Amino acid sequence: PELQFPAQLNCATELLDRHVAEGRGERVCLRAPGLSWSYRELQDKANRIAQVLVHDLGLVPGQRVLLRGPNNPMLAACWFGVIKAGGIAVATMPLLRAKELGAIIDIGQISHALCDAALADELLQAQAAHPMLQAVRCFHDTTSAGLEAAMAAQSGDWTNVDTAADDTCLLGFTSGTTGVPKATMHFHRDVMAICACWPPHVLRPTPDDVFIGSPPLAFTFGLGGLLLFPMAVGASAVLLEKASPPQLLQGILDFGATVVFTAPTSYRALAMHGEQLRGGTLRKCVSAGEALPAATRALWQEATGLTLIDGIGATELLHIFISADEAHARAGATGVAVPGYRAEVVDEHDQPAPTGQVGRLRVQGPTGCRYLNDKRQAAYVKGGWNYTGDAYWQDADGYFHYHARTDDMIISSGYNIAAPEVEDALLAHPAVAECAVIGVPDEERGQIVEAHVVLRPGHVPNDATRKMLQDFVKTTVAPYKYPRSVVFADALPRTQSGKLQRFRLKQA
Ligand code: 3UK
């Protein structure tokens, strides 16, 4: 990939203004139910937002602007407005409460915020406790105090702030499943680098593609998949405020979507309606956020005839760094290093692990981790390598296979058992809709394997079902891995980015 960037670079110029300057301004850029904006319309809104930030709210380049809202075109316009004004965009998950927003204001030293009026309450509470946040403007607010009124008073003529390629343009917050969330800093050139690596080599989108998906724009999986990647090729994206499986399915059908980004759990639910997608507009289906079980890949293939594109990414690296296109998809493997990146599995002495041996995954590439004011930087980045929290192994062809999060290993009677391996085995049973496997303390064995299982309709949560599932696992993986305890549940705890929160089951 071409990864040489000029010293001065503003990613909004490249991703948005360039299309208008080159005569593609009337092409559709963003869609939502009842709404369609061309590239020129998005540019006009983003320019006015930049003007409001600078002229009305006194924003100075380098200041941090918190963004809060469900996925919708105005949230995207705000993201570009901040970047155009030379600010740093800090998009936040819509479900966060005042306390969590307060922590982000503190960690990110946030001075300004743009917020969907529907979600203003919690942010205003956070502001009351954190006066460092000087200015909040709400969009989708029809009053004279709203962002839209302030935008109408501006001209729309704006020249982007002449930022350096390595000026920070966004802070990504990690989901914090294991502790206090960390902020990661990414530069303008990082945004362009992710657009130059994975999409042209693995996804290969065209300007006629219609992107859709579920991850929030506050999650860099969603920011890339639903905003940056479609815009990098002049395609269009559908932004859905609510994208649970039924709404996502409806969105795909209504908008004729061709590329979908979502998590494995969502593919399992969508597969139940696979006949509505088979032979339709959808041609590319991307899975990330957590490991893709082989059973889920097979389920999707059978239900829709489409091959999932798996990819592992991380907030620290901004987007996907190991992946495989449809032609190279292998059951159980995530793929190979994305062009532009290098990846290795290393042992406890940081030496490359032999083929087939599980070790820690480390990666290197044009994007990499820079935590903001966080001591954990030293442990995460060593010798130019980013150390992930994932245990992986490589097969003889160099494909990387996911084993577990390093903290999701269960030790029972001296055996090392990876929770995802048992989940994978359970998911292959037709009675299982969703499952999560954890280790629970046991006097005799140290820990025992416990499965939390959501059954598919028509299956009864009783001892017979429990025994059937235990026996089934014993037939497909080493018998000592079978869940000695099976708990039936209606739903499993997940983050907004679709990740299973095994730690919450352990606490319960
Ligand atoms: C796990 C996967 C196996 C893995 C992300 C795509 O998930 C993203 O970022 P986060 O910072 O979490 C990173 C961690 O999530 N993971 C993600 N994808 C996979 N494990 N197979 C996968 N395909 O533990 C990783 O360390 O929330 C994903 C693009 C951008 C992202 N930020």
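How far apart do the C-alpha centres of domain 1 and domain 3 lie? In this predicted model, in which local features need pLDDT of at least 70, side-chain atom pairs count only at pLDDT 80 or more, and totals for chains, interfaces and linings use all residues, the two centres are 41 Å apart. Residues are numbered from 1 along each chain as its sequence is written.

The domain assignment divides the chain into domain 1 (11-185), domain 2 (195-404) and domain 3 (409-507); such bounds come from an automatic or database domain assignment.

The ligand is surrounded by 24 residues, of which F221, A288, I312, G313 and T315 are the closest; a residue is near a molecule if its C-beta atom, placed from the backbone, lies within 6 Å of it. At least two residues of this shell come from each of α8 (220-232), β13 (308-313), β19 (385-394) and β20 (400-405). Helices (H or I, at least four residues) and strands (E, at least two) are DSSP runs, numbered from the N terminus. Strand β13 gives the most to the shell, with four residues. By class, the shell comprises eight nonpolar, twelve polar and four charged residues.

Helix α8 also packs against α7 (residues 188-203): their axes come within 10 Å and cross at roughly 85 degrees. Axes are lines fitted to C-alpha atoms, for helices over the stretch in contact, and angles run from 0 to 180 degrees between N-to-C directions. The helices α7 and α8 are therefore roughly perpendicular, a term that covers angles of 65 to 115 degrees. In α7, V191, I194, C195, P199 and L203 meet G224, L228, F229 and A232 of α8. This contact has eight nonpolar residues, one polar residue and no charged residues.

Residue R68 lies in strand β3 (residues 64-68). Because R68 has 28 C-beta neighbours inside 10 Å, R68 counts as buried, the threshold being 20 or more other C-beta atoms within 10 Å of its own, with C-beta atoms placed from the backbone. Not counting residues up to four places away in sequence, R68 touches T92, P94, A113, C115, D116, L119 and L123.

Notes:
Nonpolar A, V, L, I, M, F, W, Y, C, P; charged D, E, K, R; others polar. Parallel < 35°, antiparallel > 145°, perpendicular 65-115°, else oblique. Contact = placed C-beta atoms within 7 Å. Buried ≥ 20, exposed ≤ 12 C-beta atoms within 10 Å, placed from the backbone.
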